[in-house]
Amino acid sequence: MNSFFGKLRLSSLMTLAVCATVALTVALQLTLVSHFAVRQSSEEAELRLQQLSWQMRDSLNRVIEQAIGDAKLLTQLPQVRHAQNPEEARTVLESLQRTFPDYAWIGIADIDGAVTASTGRMLEGANVGKRPWFLAGIQGVHATDYHPAVLLEKILPKTPDPWRFVDVSGPILDRSGKPVGVLGMHLSWEWARRHARTLLTPALREYGAEILVIRDDGTVMLGPQSLVERKVNTTSLRLAQKGMTGSLREVWPDGRAYLTGYSQTGDMLDPSSLRWTVLVRQTEDRALESAVDLKQRMLGWSALLGMVLAVAAVLLARRLTRPMAVLREAIERVTAATDAGKEPPPIPQIDGFLEAQILSSTMRDLVRSETAHREALIALNERLEATVAERTAELQALLLRDVLTGLPNRRALLEALPETMSRARRVGRPSALLFLDMDGFKAVNDNHGHEEGDELLRQFGQRLVQGVRKTDMVARLAGDEFVVVLEMLTDAAHAEDTARKLLARMKEAFVLRTATVTVGASIGVALHGAEDAPDLDAWLARADHAMYAVKRTGKNGVALAASA
């Protein structure tokens with residue numbers, strides 16, 4: 001094989017090499033384009049569906065929150081709370097209904113369940129004492145889940161879609177704070193259908209995108225007509241019900257593969273909110289249709305381009321090798337003269353392409369400059385290695401710091417804790433973890449914006465650093481969670497006393513750019529004694545559980561975890 005290639009001219013070798021390179025390049029290009037075009041289209045489709053799911057979720061949350069706010073406002077109005085006659089209350093209710101037509105019915109029932117005033121006088125005199133919204137509303141402001149119309153189905157005007165409601169209700173209190181009635185608001189489900197139609201542009205509907213809103217028991221409240229008010233059970237539904245958001249590929253009961261974005265509405269900590277799952281799905285074939293079309297087009301054009309490049313490469317290789325053949329003959333003459341002990345003839349100036357001209361002119365200086373080039377290369381390599389080492393050290397330091405507060409991050413904390421436990425064992429004195437979660441941070445974010453929230457986190461972290469010893473460690477885990485590592489303690493009381501001092505500091509007002517706010521902290525304290533087993537996860541878990549114990553008992557306090 002070597003002898004075969006050795007007999008070929010440079011032009012022949014270049015032609016073979018170029019043809020092989022072009023063929024391989026085209027094949028690789030086709031493979032990569034085929035793979036990445038489909039992959040990118042899939043990722044873009046999943047991201048688009050996930051964003052649509054978020055938008056629908058936020059729309060649902062806003063409407064429910066507005067309805068709850070309207071219910072709270074109405075129950076405080078004097079015309080409702082201290083109404084002297086039904087006409088006065090009815091005027092207020094119908095005014096709200098005219099402003100927000102999605103309220104299909106608003107009414108007031110007395111403590112026995114009899115409707116005393118309502119929009120359009122509908123159901124006045126009827127007893128609603130056993131309706132879920134009445135029973136829930138007498139206990140406090142509450143949203144009642146999606147349900148069909150029971151009493152109003154025959155009264156309300158006929159519509160293309162059946163009447164379905166989400167109820168919001170709340171107690172009406174007298175001056176002594178005693179319930180004297182219940183305000184009920186029937187929010188028509190048409191607003192959800194309208195939001196879904198708004199989010200799905202004609203282009204998305206053309207490509208088969210569908211929005212589904214699913215009740216907590218799996219019943220489809222909004223979606224394709226074939227699924228409405230039927231139960232489904234998919235992977236995306238189960239993930240969303242666990243509080244997760246994202247997108248995935250899954251096969252639905254109809255046997256078709258869909259790309260599905262998922263999220264969930266409501267707030268787990270707010271009993272008045274509703275927990276619905278929002279799914280936005282699109283068949284995989286329709287989502288990737290453009291990618292498949294692009295793939296086929298690129299396959300055809302790449303094949304044609306490969307053929308053209310192969311022909312051009314053959315012609316170009318023959319032209320480019322002519323000056324190199326002249327240079328080769330000149331080098332052979334120089335070698336022959338050197339072997340014969342004669343003065344080598346000068347290498348001629350090649351008149352071909354620029355590179356050949358430069359090559360011929362520099363061949364004479366090649367041997368003389370080789371040593372200088374090697375030394376320069378060694379020095380350059382040493383400088384490069386030093387630069388890489390410096391950058392690596394800088395990157396390593398950045399990896400261990402929280403970008404917002406400048407404090408050590410979770411990774412730095414997890415690297416430092418094993419050494420902390422080792423020191424506790426060596427010196428025979430306990431260490432402690434203080435797990436802090438800020439109380440009231442969400443309100444600052446909501447009322448003053450995320451920039452002020454970030455400034456509060458920075459000040460909170462600095463106040464923690466100022467409240468402990470320089471030998472102690474303050475780290476930010478995530479969000480508004482911080483951890484303080486105390487070492488060389490005398491006993492548990494020492495750690496608890498430090499935690500209470502920090503709590504007192506945290507209660508002091510924080511002066512932000514545009515506001516002065518006051519927050520608190522829930523602190524869980526977990527001790528690690530010199531004789532305790534070095535179990536990092538268990539130590540963190542005990543501190544975390546102690547912090548949540550404070551949350552459950554009213555926040556803004558300190559709790560000491562049980563011994564390991």
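Me: Which residues form one aromatic cluster, and by what rule are rings paired?
Reply: Trp105, Trp133 and Phe134 form one aromatic cluster. Rings of Phe, Tyr and Trp (its six-membered ring) pair if their centres lie within 6.5 Å; planes under 30 degrees apart are stacked, over 60 edge-to-face, and the rest tilted. The model is predicted: local features need pLDDT of at least 70, side-chain atom pairs count only at pLDDT 80 or more, and totals for chains, interfaces and linings use all residues. Residues are numbered from 1 along each chain as its sequence is written, and side-chain values use heavy atoms, leaving out hydrogens and water.

Me: Why is the pair of Trp189 and Trp191 called edge-to-face?
Reply: By this rule there are eight aromatic pairs. The ring centres of Trp189 and Trp191 are 5.6 Å apart and the planes stand at 70°, so this pair is edge-to-face.

Me: What makes the pair of Trp189 and Trp276 edge-to-face?
Reply: The distance is 5.3 Å centre to centre, with 90° between the planes. Trp189 lies in the loop between strand E5 (179–188) and helix H6 (190–199), and Trp276 in the loop between strand E9 (257–264) and strand E10 (277–283), so the pair ties together parts 87 residues apart in sequence.

Me: Why does Trp189 count as buried?
Reply: Buried means under 20% relative accessible area (1.4 Å probe, protein chains only), exposed over 50%, and partly exposed in between. Trp189 has 0% relative accessibility and therefore counts as buried. Trp276, at 1%, is buried too.

Technical notes. Helix = DSSP H or I, 4+ residues; strand = E, 2+ residues; numbered from the N terminus.
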